[in-house]
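Dear colleague,

Please find below the structure that I am handing over to you. My notes on its salt bridges follow.

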Amino acid sequence: MMMMKRRHHFSFARSALELGLVSISNSSCFLAHLETASSSSSGIGIIHANGSLPPQMNASTPRMFATSSANLSEHLPKNNPASDMLIDSFGRLHTYLRISLTERCNLRCQYCMPADGVELTPSPKLLSQTEIVRLAKLFVSSGVDKIRLTGGEPTVRKDIEDICLNLSNLNGLKTLAITTNGITLARKLPKLKECGLTALNISLDTLVPSKFEFMTRRKGHQRVMESINTAIELGYNPVKVNCVVMRGFNDDEICDFVELTRDKLINIRFIEFMPFDGNVWNVKKLVPYSEMLDTVVKRFTGLKRLKDHPTDTAKNFRVDEHVGIVSFITSMTEHFCAGCNRLRLLADGNFKVCLFGPSEVSLRDPLRDGADDHELREIIGSAVKRKKASHAGMFDIAKTANRPMIHIGG
């Protein structure tokens with residue numbers, strides 16, 4: 001245990017310089033700057049009929065897996081004219097709506113928020129609970145069956161319980177989920193579950209408290225761990241844990257996160273570091289999926305590929321004798337745009353059809369100007385029809401003007 005802590009602290013001290021988060025002139029307590037080369041390996045994966053990796057594949061063998069092993073067409077609804085609003089020009093049906101409830105957050109994560117903060121939208125320009133529910137009802141009546149509440153940090157919104165209760169009662173909604181940093185979740189989750197919350201993702205990028213405080217600019221690591229355990233105790237299965245992997249900061253913890261799946265019903269989801277406005281994205285910080293998978297295979301035997309839903313963003317695996325799941329979200333090195341079924345409603349009422357696309361259209365303004373459901377459907381449908389086949393490459397994304405993640409809501 002002591003050796004593991006020393007290893008994490010050594011890597012952490014070095015990473016502050018490598019990531020450019022601490023200046024060399026002010027870092028006498030940090031190690032000398034060491035330039036870390038970025039890996040860009042790629043390849044095609046092979047798995048046995050039973051889903052296991054071939055024994056000859058080792059850490060030096062690059063391999064990749066398709067995002068989905070299922071067929072999208074099998075899941076398209078039949079004879080539902082209302083859903084035409086949700087079908088883009090490439091035939092993708094969008095049944096998943098992510099609603100950002102607020103731009104505020106009780107953490108200041110460095111990959112999410114610029115160092116100098118963000119300008120918050122004035123409260124009168126944010127969607128009210130009534131407006132959120134009305135727009136959600138419109139989407140659900142048109143074919144959306146999953147809603148995820150995001151932020152900012154959605155649990156800081158005071159009417160979160162009422163919002164969950166109203167949304168969960170929408171006829172046709174199958175899943176009501178939330179993505180949260182877990183800081184206040186443990187005490188709020190029992191009531192949220194009563195109000196209809198059926199699934200959750202908790203963000204946690206490190207298992208080392210000092211690194212957590214450095215990355216989030218706040219304390220609270222233990223409270224996040226308590227929230228994960230509370231979710232498991234309340235019967236959420238799986239509890240999804242989102243981990244953004246950054247070279248030199250937490251890439252040395254990948255196997256420690258995987259180890260959590262041995263006895264806990266959690267789904268560890270390793271996410272490639274993505275560029276957003278103000279997060280100082282650099283390809284040197286990116287740890288590609290192939291490299292993360294190599295790290296896991298080198299340590300754990302019996303890693304098996306699971307069958308995914310065609311709209312899954314993750315490539316899902318399970319280690320033999322582990323009860324949890326390990327997943328990789330490969331937005332940068334192997335996008336999953338062909339199966340995208342996601343739309344986003346931002347806290348200020350703007351509608352966004354692609355996480356990485358700058359295009360937005362306001363639903364708040366026509367709603368407040370008295371637009372009826374037909375007019376709102378026309379606006380939504382037109383925006384969906386303009387959605388591109390795929391987002392740009394990661395270097396182009398890094399140069400494209402977009403909002404900070406805290407505004408978009410993920």
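Lys211 and Asp252 form a salt bridge, with 3.5 Å between the closest N and O atoms; the term stands for a side-chain nitrogen of Lys or Arg within 4 Å of a carboxyl oxygen of Asp or Glu. This pair links distant parts of the chain, 41 residues apart: Lys211 lies in helix H5 (residues 209-216), and Asp252 in the loop between strand S5 (239-245) and helix H7 (254-259). Helices (H or I, at least four residues) and strands (E, at least two) are DSSP runs, numbered from the N terminus. Both Lys211 and Asp252 are buried, where buried means under 20% relative accessible area, exposed over 50%, and partly exposed in between (1.4 Å probe, protein chains only).

Please note that this is a predicted model, in which local features need pLDDT of at least 70 and side-chain atom pairs count only at pLDDT 80 or more, while totals for chains, interfaces and linings use all residues. Residues are numbered from 1 along each chain as its sequence is written, and side-chain values use heavy atoms, with hydrogens and water left out.

A second salt bridge joins Lys304 and Asp320 (3.7 Å, N to O). Lys304 belongs to strand S7 (residues 303-305), whereas Asp320 sits in the loop between strand S8 (314-319) and strand S9 (325-329), 16 residues apart. Lys304 is partly exposed because its relative accessible area is 29%.

Glu259 and Arg262 also meet in a salt bridge (2.4 Å, N to O). The search of the whole structure finds 14 salt bridges.

Yours sincerely
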